[in-house]
Structure formats: C-alpha cells, structure tokens
Amino acid sequence: MEREIVGIPCVGGKSKLAPFLRELFFDVAITHKLDKFLSACGGGGKCVFNLKASANVFKRGVIYNEFERGLYNLITSLKSYRNIEIINSEIKKLLKNHFADANTPDEVKNAILSMFREALSKADKPELDTLTSAIYETVVVFGSVQNNRQTCSPNIGGKENGFYTYFSKLQYENTLRELTRRIRDMASFETLNDDCVDLVNEHKKDANLLIYIDPPYFNCVNNYKNAFGFDKHMDLCKACMNADAKIIISMHDAGLAPYLLKLFVEDDWYAYILPPIIHASRKSETTEDAVMEIYKLKDLKTSQELMHPEEAEDLEKFKKSVSQIVEEGLLDDKSIDEIIFCNFEIPDYQERGIKNLEYSVEDDLEMIFGKMVYIMYREKMPKKAKIHDKDGNPCIDIEICKEIVKDIDEYYDIDIFEKDLEGETLLKSAEAVAKVVFDFDTRIRNRDSVRKITKGAKKKD
Ligand SMILES: C[S@@+](CC[C@H](N)C(=O)[O-])C[C@H]1O[C@@H](n2cnc3c(N)ncnc32)[C@H](O)[C@@H]1O
C-alpha cells in the first residue's frame, strides 16, 4: 500500500500517526470485508485514504467529512488543480487591498491583522460559494500560528507557518500545489459538510462500512472553532452504540472518561494505546499556545520502526527539541497516550506495537467516574476559575455540582445517586461531587497518582 503523506496541515492532525492508522484501517477492512470508508471528523484529511492503493478494498468509496465549512470547502476545492490559480489570484488581490499603504513595521502588522481577521470572519459563512470560502480558509489555515483555526493568532514575522512564510513571502502558491497533489492522491473521495453524530446515526447500520472518528479531544485546549463539549462527546458515544458498522474512535488519555464509561463498559468496546507520540504544550518563541508534537524519547526506536521513512526523518529533527523539553522537566506533565476505541477486537495488536488498555472495570469505574466528574466541572467553570482558595481550601460552586449531578443522572443508568434528585438529596449528591472534584484536583496538583480517587461520589448505602 502507498504511504505518501496526504492532507493539509491541521491542528490535531494525525500526520505522525497517519501511516500507522491507515495501515490498520486497511487491514481491518480486508479482515472484516469492509468496502467503504468514512472519516467522520476529517480535519486536514490525513486519515482519508490514498485510493490509488485502496480502490480494490474500498470499492464503494471513501468519504471525507468536516463540520467546519471553511475547511470542508478548502479540501473540496483542492481536489481540482484548476482552483489553485483562482485561489492564488484572489489572495493576491486581498494582499493588495490590505497592504497597499503598509510601509512601516506597525503598518505591516496592522495589514496582517486586518487581512487575517477578514478571512477569519468570512471563511465559514454559509452564503459563500465553495471557492470563495476556500480562499478565506487558505488565509486562515496558513496565516495562523501552528494552523490553529480557533485561537488563530497570525504569526507576525514568525519563521514557520504564518503570514510571513505563506503570504508576505508569497510561498503559498507552491504550498497549494503541493497540497493539491496530496489531496488529489487521496483520489476520488466524496466530501461532506455534516455533523459527525448525524453521520454516524445515518450510517451505523451499514455492516460493510468502516467509520473512523477523530473528534476534537475532550478535556484539552479547544483548538477548533466549534464547541465539542461533554454533551457532544456523550451524543457521539450514544450514536456509536450498537452499530453494525465497524467504528474506530481516537481519543487521548485526558479525555477518555466518557468513552470508557459509555462504550467500553456499557457496549463492550475495546481500547488500545497507540505507539507513543506526545503532544507537548510549551511556550514557543512566537506564541504562548503553540502545540508541538514530539516523540517520547524512550520509545523512539519502536516508533521509528513503525514510521514511514520520510516521517522517520522528521523524528530525527524532533530529537533536539525533545531533549530540551526533557531537560526543562516539561515532559512528565505533558505526555499523553493516544487511545483508540473500537467495536471490534484487534487480534494482532502486539505485533503492531499497540498495547491493550486493560481496565478492571469494578476497580476503575470509580476512577473513570471521578475523572469524568472532574472534567465536567472544569468544563462548566468560568475560564481560569479556581477549585482551591489561596489557603488551599475548596471553593467549589455547589450550583455547578448540582447541574453535574443532574447531567449524570440523565446520561447514566448506573446506581450512583438517589433517584429522587430533589432538595436535600440533590444537595448531598452535589456535595459528594464537589468532594470528588476537589480530591481529584488536589491529586493532580500534588502530582500524585491520578488513577485512583476517593470514594466521594459513590452512592450511600
Ligand atoms: C482532531 S481533528 C481531526 C484531524 C484529522 N484526523 C487530521 O489528521 O487532519 C477534529 C476535526 O473535527 C472537526 N469537527 C468539529 N466538530 C465536528 C462535528 N460536530 N462533526 C464533524 N467534525 C467536527 C474539527 O473541525 C476538526 O477539523
């Protein structure tokens, strides 16, 4: 099978894991006689197939879906080389409009900001035609630091990715050509602009379909334009339950709680830890929220063996920055495991270098539950609100805890709270939730094991 790099840069993109994942999908399709592939949260499209090699397997086709209109329109447009010229000439016009009177460094900075903001405000507008939206999206994707389409700080004068490289220096023309080649190599895939939950519901009875879902990660910095919070992750889990289609979902260890509870525990799914890759947040020279992908030092060898040679070369480049991060002591804090959940077993997982994520459900249910409660609390809190006061005592909003109790009661049929969630009972349950949140946060702050929590929220006998 061909293993060329496909797709466009995208925050949360699976460029490092893509060769591994695509090979896995391919094998799963052959083993289970699946003849159609759907990438439900397509992003930059790195996990959409190079159909030159897979046409014999995915005979009914390959679908790329992306909810963000701008990104969907850009991918759709780049399927045709003819659109490159149009995109280029329109971007030149935009540059002319915004930079005409920009001479001093400050004027240039303002020109960058105004062009960027115009693009950001327009790219997803439903009334725009595909190509016009793709033009603005090109500015957003390549003009933002680390291709972060949500925070979208334009990279003023930076060395990588930003305006300076792609627009001021007019390098985007070659970039677009290269990307178009990558996307064309994905072959004649269909593009959709739907919500992944709707799509799963629509297609889940198709027993010969392989669905890959790489949703925005739960419980981490939100780098996407549209919200994908707790409720949405739960809706996704519910949609995936009892599916006839084969489904694989990507998540990482900080966000797996709802998936473990809903799919792993309730619907007998399997979970595996992928070969090690770390996304480490660290301050870069140009931006505070830059996200850098690096490989775990100790597992470099295993990883390297699994990589496409071209990507293995990148690995070398990363080593230097990895050493630096280790020296700065940032690694422990930032290392994460990439998990996949599937509604089928991968029998040869060890040979693939993946680990079985083993949970003793009885013991760990509380840990999972605690983690989920903690995450829900953090999600509902106003940004940067604290769980401890300055003396280290709990300062947890009991009204938020009540909301969480009600949410949990609505979602789960597990016997954690009294059924009649009114008055005193609700207050007691909310207090129990507050204790879980506080305990969990304290453990995280103390860098104690986050795997175990106290029995705070367990139903009283
Ligand atoms: C982690 S990224 C996927 C990256 C992709 N695997 C790649 O390699 O480029 C998640 C994507 O899901 C998209 N998304 C967000 N909400 C969605 C929804 N409700 N339905 C489908 N996609 C959604 C985001 O815009 C983002 O592009």
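This is a predicted model: local features need pLDDT of at least 70, side-chain atom pairs count only at pLDDT 80 or more; totals for chains, interfaces and linings use all residues.
View 1. Eight strands form an open sheet with mixed pairing, in the order 3-2-1-4-5-9-6-10. Strand 3 (190-192) and strand 10 (355-356) are its edge strands, each pairing on one side only. Strands of a sheet pair through backbone hydrogen bonds, which may be parallel or antiparallel in arrangement.

View 2. Strand 2 (residues 61-65) runs parallel to strand 3, and three bridges join the two. Within this pair, Tyr64 is placed opposite Thr191 of strand 3.

**View 3. Strand 4 and its two neighbours.** Strand 1 and strand 4 run parallel and are linked by four bridges. Leu38 stands opposite Ile211 of strand 4. In the pairing with strand 5, Ile213 has Ile249 as its bridge partner.

**View 4. Burial of strand 4.** Five of the five residues of strand 4 are buried, so this strand is largely enclosed by the rest of the structure. In a regular strand, side chains alternate between the two faces of the sheet. Both faces of strand 4 are covered: one side carries the buried residues Leu209, Ile211 and Ile213, and the other carries Leu210 and Tyr212, also buried.

**View 5. Helix 9 across the sheet.** Helix 9 (residues 196-203) lies across strand 1 (36-39), strand 2 and strand 4 (209-213). The helix runs at about 165° to strand 4.

Notes. Residues are numbered from 1 along each chain as its sequence is written. Two strands pair if DSSP finds at least two bridges between them. Two residues are in contact if their C-beta atoms, placed from the backbone, lie within 7 Å. Axes are lines fitted to C-alpha atoms, for helices over the stretch in contact, and angles run from 0 to 180 degrees between N-to-C directions. A residue is buried if 20 or more other C-beta atoms lie within 10 Å of its own, exposed if 12 or fewer, and partly exposed in between; C-beta atoms are placed from the backbone.
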